[in-house]
Amino acid sequence: QVQLVESGGGSVQAGGSLRVSCVAFGRAFNRYTIGWFRQAPGKEREFVAAVGWSSGNPYYADSVQGRFAISRDNAKNTVYLQMNSLKPEDTALYYCAARGVGAEKYDYWGQGTQVTVSS
C-alpha cells in the first residue's frame, strides 16, 4: 500500500511557474507509475502527466505538453511536476496517484494541492 502527500501549490500570475511535489510513503515506490491529475471547479478530473518507474517514459496531456515537466527521484520517494508558462485555465486542485505494475487503474490517491493562476 502507498500513501501519497502533495505539496507546493499556491497562487501565481499567468506566465509564472510553480513546482508541486508528491511524496510517497510505503513499499516499493519505485515499482509504481505515478500520475498527476487535476480537477477544476465544476469540471471532471483530468489527466495531466505520468511517469513510469524508470523515468524513461513520461507522457503528458496535450494541454500541458511543452509547458509542464514530470520527474521522479526514487531515492527520495518523490515525484515532481514543474509547471511553466501557467495559464488561468491551469487553475485546479492537483492530485498525484499511483498505479502498480500491471494495474489498469490508479489505486492510490493523495489529497491534492491547490494551484491558482490569475490573469
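What follows is a short chat about the aromatic rings and one of the sheets.

Q: Before we start, what kind of model is this?
A: This is a predicted model.

Q: Okay, rings then. How many aromatic pairs does the structure hold?
A: There are 6 aromatic pairs in the structure. Take Tyr32 and Tyr108, which pair edge-to-face, with 6.1 Å centre to centre and 75° between the planes.

Q: Is Tyr32 buried or exposed?
A: Tyr32 counts as buried, because its relative accessibility is 13% and the cut-off for buried is under 20%. Tyr108 comes out at 22%, so that one counts as partly exposed.

Q: What about Phe37 and Trp109, how is that pair arranged?
A: Their ring centres are 4.9 Å apart and the planes are at 55°, so the pair is tilted.

Q: Which rings are linked into a cluster?
A: Phe37, Phe47, Tyr59, Tyr106 and Trp109 are linked into a cluster by ring pairs.

Q: Which residue lies over the face of Trp109?
A: That's Arg45, at 3.8 Å from the ring centre. Tyr106 has an arginine over its face as well: Arg99 lies there, at 5.2 Å from the ring centre.

Q: Switching topic: what order do the strands take in the open sheet?
A: The order is β1-β3-β8-β7, so you have 4 strands with antiparallel pairing. The ones at the edges are β1 (2-7) and β7 (68-73).

Q: Why is one side of each edge strand left without a neighbour?
A: Because β1 and β7 each have a single partner strand in the sheet. As for the twist, it averages 15° from one strand to the next.

Q: What holds strands of a sheet together in general?
A: Strands pair through backbone hydrogen bonds, either parallel or antiparallel.

Q: So how do β3 and β8 pair here?
A: β3 and strand β8 (residues 78-83) pair in the antiparallel sense over 6 bridges. If you want a spot to look at, Cys22 stands opposite Val79 in β8.

Conventions. Residues are numbered from 1 along each chain as its sequence is written. This is a predicted model: local features need pLDDT of at least 70, side-chain atom pairs count only at pLDDT 80 or more; totals for chains, interfaces and linings use all residues. Side-chain values use heavy atoms; hydrogens and water are left out. Rings of Phe, Tyr and Trp (its six-membered ring) pair if their centres lie within 6.5 Å; planes under 30 degrees apart count as stacked, over 60 as edge-to-face and the rest as tilted. Buried means under 20% relative accessible area, exposed over 50%, partly exposed in between (1.4 Å probe, protein chains only). A charge sits over a ring if NZ of Lys or CZ of Arg is within 6 Å of the ring centre and within 35 degrees of the ring normal. Two strands pair if DSSP finds at least two bridges between them. Helices (H or I, at least four residues) and strands (E, at least two) are DSSP runs, numbered from the N terminus. Axes are lines fitted to C-alpha atoms, for helices over the stretch in contact, and angles run from 0 to 180 degrees between N-to-C directions.
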